[in-house]
Amino acid sequence: MFDLLKDLWGFARERKKYWLIPLIGTLVLLSLLIALAQFSAVAPFIYTLF
């Protein structure tokens with residue numbers, strides 16, 4: 001997982017596409033929220049956000 005993030009960071013830095021960084025951060029946070037919703041007792045509360 002960290003290798004993928006490091007590669008994406010290297011791509012954005014080398015190609016000067018810094019607008020990708022917030023997009024990548026949002027995707028990582030959303031994936032963590034989904035993982036938390038599947039394996040936690042707080043899932044009903046997270047589902048009410050959407």
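A residue is termed buried when its relative accessible area is under 20%, exposed when that area is over 50%, and partly exposed in between, as computed with a 1.4 Å probe on protein chains only. By this criterion Lys16 is exposed, because its relative accessible area is 59%. The structure is a predicted model, in which local features need pLDDT of at least 70 and side-chain atom pairs count only at pLDDT 80 or more, whereas totals for chains, interfaces and linings use all residues. Residues are numbered from 1 along each chain as its sequence is written, and side-chain values use heavy atoms, with hydrogens and water left out.

Secondary-structure elements were assigned as DSSP runs, with helices (H or I) of at least four residues and strands (E) of at least two, numbered from the N terminus. Helix H1 spans residues 2-15 and helix H2 residues 20-38; the two pack at an angle of about 160°, and their axes lie 10 Å apart. H1 is therefore roughly antiparallel to H2. Here axes are lines fitted to C-alpha atoms, for helices over the stretch in contact, and angles run from 0 to 180 degrees between N-to-C directions. Angles under 35 degrees count as roughly parallel, over 145 as roughly antiparallel, 65 to 115 as roughly perpendicular and the rest as oblique. The crossing of H1 and H2 is right-handed, that is, the near helix is turned clockwise from the far one by less than a right angle.

Contact between residues was defined as heavy atoms within 4.5 Å. On the H1 side, Leu5, Leu8, Trp9, Phe11 and Ala12 meet Leu20, Ile21, Ile24 and Val28 of H2. The residues of this contact divide into 9 nonpolar, no polar and no charged, where Ala, Val, Leu, Ile, Met, Phe, Trp, Tyr, Cys and Pro count as nonpolar, Asp, Glu, Lys and Arg as charged, and the others, Gly among them, as polar. Ile21, located in helix H2, touches Trp9 and Ala12 when residues up to four places away in sequence are not counted. Ile21 counts as partly exposed because its relative accessibility is 32%.

The structure holds 1 salt bridge, defined as a side-chain nitrogen of Lys or Arg within 4 Å of a carboxyl oxygen of Asp or Glu. In this salt bridge the side chains of Glu14 and Arg15 meet at 3.8 Å, N to O. Glu14 is placed in helix H1 and is exposed, because its relative accessible area is 63%. Between the C-alpha atoms of Glu14 and Val42 the separation is 40 Å, across 28 residues in sequence.

Lys16 lies in the loop between H1 and H2. The phi angle of Lys16 is near 60°, a positive value in a residue other than glycine. Leu49 is found in the segment after helix H3 (43-47) and counts as exposed, because its relative accessibility is 65%. Leu49 and Leu30 are 19 residues apart in sequence, with 12 Å between their C-alpha atoms.
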